[in-house]
Amino acid sequence: MTVKIDRELCIRCTGCVAVCPVGALDYQGNRIVVDPKKCTDCNICAKFCPMHALSVPGKPIKD
Ligand code: SF4
Ligand code: SF4
């Protein structure tokens, strides 16, 4: 499992790249990409994203 990115919603603020504790997110070629080998499904980026463009399957965006 890994975080899903809805690129229609993403406004490319790049904040999620900074909040990911394991460096699984990156900004490449004008879009956010995730390295599924690094992602631990911690859900931090999904809770952070102001556009709700990120989601971890089975985990709510809000507590
Ligand atoms: S925090 Fe959300 S809106 Fe900002 S770059 Fe990441 S996915 Fe896109
Ligand atoms: S779920 Fe956690 S580990 Fe995966 S990309 Fe988001 S912040 Fe990084």
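For the ligand shells, I count a residue as near a molecule if its C-beta atom, placed from the backbone, lies within 6 Å of it. My numbering runs from 1 along each chain as its sequence is written, with chains lettered from A and ligands numbered from 1 in the order in which they are written. This is a predicted model, where local features need pLDDT of at least 70, side-chain atom pairs count only at pLDDT 80 or more, and totals for chains, interfaces and linings use all residues.

**Ligand 1.** I looked up the residues around it and got Cys10, Ile11, Arg12, Cys13, Thr14, Gly15, Cys16, Ile32, Cys49, Met51, Ala53 and Leu54. By class they split into nine nonpolar, two polar and one charged. Here Ala, Val, Leu, Ile, Met, Phe, Trp, Tyr, Cys and Pro count as nonpolar, Asp, Glu, Lys and Arg as charged, and the others, Gly among them, as polar.

**Arg12.** Is Arg12 buried or exposed? Arg12 is exposed because 12 other C-beta atoms lie within 10 Å; the cut-offs are 12 or fewer for exposed, 20 or more for buried, and partly exposed in between, with C-beta atoms placed from the backbone.

**Ligand 2.** I find 14 residues around ligand 2, with Cys20, Ala24, Cys39, Cys42 and Cys45 coming nearest. That shell has eleven nonpolar, two polar and one charged residues.

**Leu54.** Beyond its neighbours within four places in sequence, Leu54 is in contact (C-beta atoms, placed from the backbone, within 7 Å) with Val3, Ile5, Cys16, Cys45, Ala46 and Cys49.

Methods
Contact = placed C-beta atoms within 7 Å.
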